[in-house]
Amino acid sequence: MSPVAHFIGSWLVASVATKTSRDRKLITLAGVIPDVDGFGLVVDVAKGIFSGEPTTYHYYQKFHHVLGHGWPAALVLCGLLAGFATQRFRVFGFCLLTFHLHLFCDLLGSRGPSPGDLWPICYGEPLFRHPVWFWKGQWRLDGWQNLTIFGVIFVGALWQAVRQGKSFVEVFSRKVDEAFVCVLRKWGHALGFSRVNPG
Ligand SMILES: [Zn+2]
């Protein structure tokens, strides 16, 4: 699934998990952080540009879904994030939840263009080679299933934003988030949602 879908889905979980802005950000971050192991893509593209040779995606394929998509990374990264939280144990638990939700969504829908281009979850990496999970029915990263799930998550996140007065934009800027939620509430009011406060 795309990083944007992971981000908004994780914020949605965080929005019901805690009332603290800082803790929501940490739980959201835990749901996106596994894809940091895709840094090899930047190296590959840069290498292609500077060498003038075709881009090989060598480092991307070597490290992506290996370094950050297993239980060792889950324990270390979620532990680190929880260290910054106001409710550490609660946030640690929810960070593990959004982290593993990310892995589950990748298992479902992160296939490449061809049917055999399955992308497994190497859950023991980088410490152990096993277990390795894959699903034969895995759908394409850009498949309609991912788009549908993204649509549902996005609408759910907007609805939650209108209800709570906070949206996923808060992860970047509280001020921009206030303006965003204000617009959403006005639209909600204009559409006739009686419980929506336009203020
Ligand atoms: Zn991922």
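My question is this: which residues coordinate the zinc ion?

Reply: The model is predicted: local features need pLDDT of at least 70, side-chain atom pairs count only at pLDDT 80 or more, and totals for chains, interfaces and linings use all residues. Residues are numbered from 1 along each chain as its sequence is written, and side-chain values use heavy atoms, without hydrogens or water.

The setting comes first. The protein contains eight helices and two strands (DSSP runs numbered from the N terminus: H or I of at least four residues for helices, E of at least two for strands). Of the 199 residues, 40% are buried (under 20% relative accessible area, with exposed over 50% and partly exposed in between, using a 1.4 Å probe and protein chains only).

The zinc ion is coordinated through OD atoms of Asp35 and Asp106 and through the NE2 atoms of His69 and His102, at 2.0 to 2.2 Å. Donors here are N, O and S atoms within 2.8 Å of the metal (3.2 Å for Na, K and Ca), and a site may look incomplete since water is not among the atoms. Along the chain, the spacing of these donors is D-x33-H-x32-H-x3-D. Asp35 belongs to the loop between α2 and α3 (40-51), while His69 belongs to the loop between α4 (58-63) and α5; the pair therefore ties together parts that lie 34 residues apart in sequence. Both Asp35 and His69 are buried.

The arrangement around the zinc ion is irregular, because its four donor atoms subtend angles of 93 to 166 degrees. Four donors count as tetrahedral if all angles lie between 85 and 135 degrees; four count as square planar and six as octahedral if opposite donors are over 155 degrees apart and all others between 65 and 115; anything else is irregular.

Helix α5 runs over residues 71-82, and its 12 residues reach 16 Å from first C-alpha to last, close to the expected 16 Å (1.5 Å times one less than the number of residues). Its buried residues are Pro72, Ala73, Ala74, Cys78, Leu81 and Ala82, and their cover includes α2 (21-30) and α6 (88-108).

Helix α2 is largely enclosed by the rest of the structure, because seven of its 10 residues are buried. These are Ser21, Asp23, Arg24, Leu26, Ile27, Thr28 and Ala30. They are covered by parts that include α1, α5, α6 and α8 (174-190).

Leaving aside neighbours within four places in sequence, Cys95 is in contact with Leu26, Ile27, Ala30, Cys78 and Leu81 (contact means heavy atoms within 4.5 Å).
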